[in-house]
Amino acid sequence: MPGSRLNEEDRRRIASWLTEGRGYAEIARRLGRQTSTISREVARNGGPGGYRAAPAQQATERRARRRNPATPSRPPAATGAYGRDPEAVSAFAEGFAALMVQIGIPRMAGRVLAHLITTDSGVLTSADLVRQLQVSPASVAKAISYLEGQDVVRRERDPRRRRERYLIGDDVWLRTWTASARKNTLWADTARRGVEIFGAATPAGARLNEMARFFAQVSADMAGSLDQAAIGDILTVLAALVHAGRPLTMEQLATALGWQPDRVAVALRDAGRHPDISDPVTLQPIESGAYSVTARRHRLTAAQREALSGHQ
């Protein structure tokens, strides 16, 4: 039947039809298979001129025995370490993966992440994951690329074996949380630009304004509150940039303010994470590595900005 593996009877028919000179497409149609299934079957078992049903069946059975290990694979954390129940650990890993699928993570990426989390070392190679999950290297590579994009998994070179290994750090959830906060800030900024285009008094503009306020608040809540000293540093750095009237690098700011560079770096970082504190101006990084301040776009309409530009 379509989707199932070729059996001995199928192989006898393939051999007979090849002898009759029938093509792969016709044989596939008669068996209800994909043409590629037939072409692979024939190619790995002697080719069109040497295909025989019995040897092909025997070769397939040998390959199947090699692919199926005597014992089921389990994540390393389940192999009796610390007196754990291997079956319970394996079930937990799969349940964990299923939960991640429910919240929108692709299934294979969820399985890879679950196995990394439940591995004591937090490190696995591609070969480890292929063996444990019983999937192809391509599937693992695709899942790792996705998780890297989410800043959840890192890859590094194994100096002893000259191959890559994947690891999940102890700070993974902090990094994920920070990335999520940045995304919420982007949502808020995009919505504010929409308010400017549609107009705050229109139904669409009002909806976008509500969206901007919501995501700005979520981002602020996720990033956490700052103490008065940190807020003071942000305002001082912004005041320095306004007073200078030109972009300044972190080193130039540190020299002018008489601060250590680390203190300036933290203030610049916090200013970027908490745009509500710097309102009505916003910090603007420049490609050269310098920083400047500009007016928050949502504070002025396009007409107001144009009118003000005419007075320069």
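Modeller: Let us begin with a term that will be needed throughout: a residue is called buried when its relative accessible area is under 20%, exposed when that area is over 50%, and partly exposed in between. Please keep in mind that this is a predicted model.

Colleague: Is Ser292 buried or exposed?

Modeller: Ser292 has a relative accessible area of 14%, and buried means under 20%, so Ser292 counts as buried. This residue lies in strand 6.

Colleague: Which residues is Ser292 in contact with, leaving aside its neighbours within four places in sequence?

Modeller: With those neighbours left aside, Ser292 is in contact with Leu241, Pro247, Thr282, Leu283, Gln284 and Ile286.

Colleague: What share of the chain is buried?

Modeller: Of the 312 residues in the chain, 34% are buried. The accessible surface of the chain comes to about 19,200 Å², and carbon and sulfur atoms account for 54% of that surface.

Colleague: How many helices and strands does the chain have?

Modeller: There are 16 helices and six strands in the chain. As for contacts between residues at least 6 apart in sequence, 47% of them join residues at least 24 apart.

Colleague: How many bridges join strand 5 to strand 6?

Modeller: Strand 5 and strand 6 (residues 290-295) run antiparallel and are joined by five bridges. To take one example, Leu283 has Val293 in strand 6 as its bridge partner.

Colleague: Let us turn to charged side chains. What makes a salt bridge, and how many does the structure hold?

Modeller: The criterion is a side-chain nitrogen of Lys or Arg within 4 Å of a carboxyl oxygen of Asp or Glu. The structure holds 17 salt bridges. One of them brings together the side chains of Glu20 and Arg22, at 2.8 Å from N to O. Glu20 is partly exposed, at 47% relative accessibility, and Arg22 is also partly exposed, at 27%.

Colleague: Where in the chain do Arg30 and Glu26 lie?

Modeller: Both belong to helix 2 (residues 24-31), where they are four residues apart and therefore separated by about one helical turn. Arg30 forms a salt bridge with Glu26, and their closest N and O atoms are 3.2 Å apart. The relative accessible area of Arg30 is 42%, which makes it partly exposed; Glu26, at 24%, is likewise partly exposed.

Colleague: Which parts does the pair of Asp233 and Arg263 tie together?

Modeller: The side chains of Asp233 and Arg263 meet in a salt bridge at 2.9 Å, N to O. Asp233 lies in helix 12 (residues 228-244) and Arg263 in helix 14 (residues 261-273), so the pair ties together parts that are 30 residues apart in sequence. Asp233 is buried, with a relative accessible area of 16%, whereas Arg263 is partly exposed, with 40%.

Colleague: Which residues do salt bridges that share partners join into one network?

Modeller: Glu8, Glu9, Arg12 and Arg13 are joined into one network in this way.

Conventions. Residues numbered from 1 in each chain as written. Predicted model: local features only at pLDDT ≥ 70, side-chain atom pairs only at ≥ 80, totals over all residues. Heavy atoms only, no water. Helix = DSSP H or I, 4+ residues; strand = E, 2+ residues; numbered from the N terminus. Buried < 20%, exposed > 50% of the residue type's maximum accessible area, 1.4 Å probe, protein only. Contact = heavy atoms within 4.5 Å. Areas by Shrake-Rupley, 256 points an atom, 1.4 Å probe, with all protein chains shown as cover. Pairing = 2+ DSSP bridges.
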